[in-house]
Amino acid sequence: MDTIFFLEGNMGIFDKQQKQPLIASYKMRGKKIVCPYCGSDKFEVRDVLLNTTAMTFLGFDWANKTASAMICTNCSRIEWYFNQPEFSND
Ligand SMILES: [Zn+2]
């Protein structure tokens, strides 16, 4: 199985009608997040609903939560975070 989530309705990360995305630097637990591929620290973040059916199937009881998809604005790599990253002013 290579898909454990799906992009739902207007929350789809490739939705062209999404309002202007916020591009910024972020940190998680005090550590700045940088792209593991290109080293950029500028990301566009989208909240994506996790797949209830798949999560239930896999035995998770926290289904229906959202995860944060961090899209590198330089190379377009996507990093996933279950918890919302914080803004970084560094
Ligand atoms: Zn990158």
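**A quick tour of the fold**

Reading from the N terminus, the elements of the protein chain follow the pattern β-β-β-β-α-β-β-β. That makes one helix and seven strands for the protein chain. Keep in mind as you look around that this is a predicted model.

**The sheet**
- Four strands form an open sheet, lined up in the order β1-β4-β5-β6 with antiparallel pairing.
- The edges belong to β1 (23–24) and β6 (78–81); each has a single partner strand, so one side of each lacks a neighbour in the sheet.

**Where β5 meets β6**
- Strand β5 covers residues 66–72 and runs antiparallel to β6, with four bridges joining the two.
- Which residue of β6 stands opposite methionine 70? Look for glutamate 79 in β6.
- Isoleucine 71 has another isoleucine as its bridge partner, namely isoleucine 78 in β6.
- Five residues lie between the strands in the hairpin of β5 and β6.
- In that hairpin, serine 76 is worth a look, with a positive phi near 75°.

**Burial and contacts across the chain**
- The protein chain has 90 residues, and 8% of them count as buried.
- A residue counts as buried here if 20 or more other C-beta atoms lie within 10 Å of its own.
- Take the contacts in the protein chain between residues at least 6 apart in sequence: 55% of these join residues at least 24 apart.

Methods: Residues are numbered from 1 along each chain as its sequence is written. This is a predicted model: local features need pLDDT of at least 70, side-chain atom pairs count only at pLDDT 80 or more; totals for chains, interfaces and linings use all residues. Two strands pair if DSSP finds at least two bridges between them. A residue is buried if 20 or more other C-beta atoms lie within 10 Å of its own, exposed if 12 or fewer, and partly exposed in between; C-beta atoms are placed from the backbone. Two residues are in contact if their C-beta atoms, placed from the backbone, lie within 7 Å.
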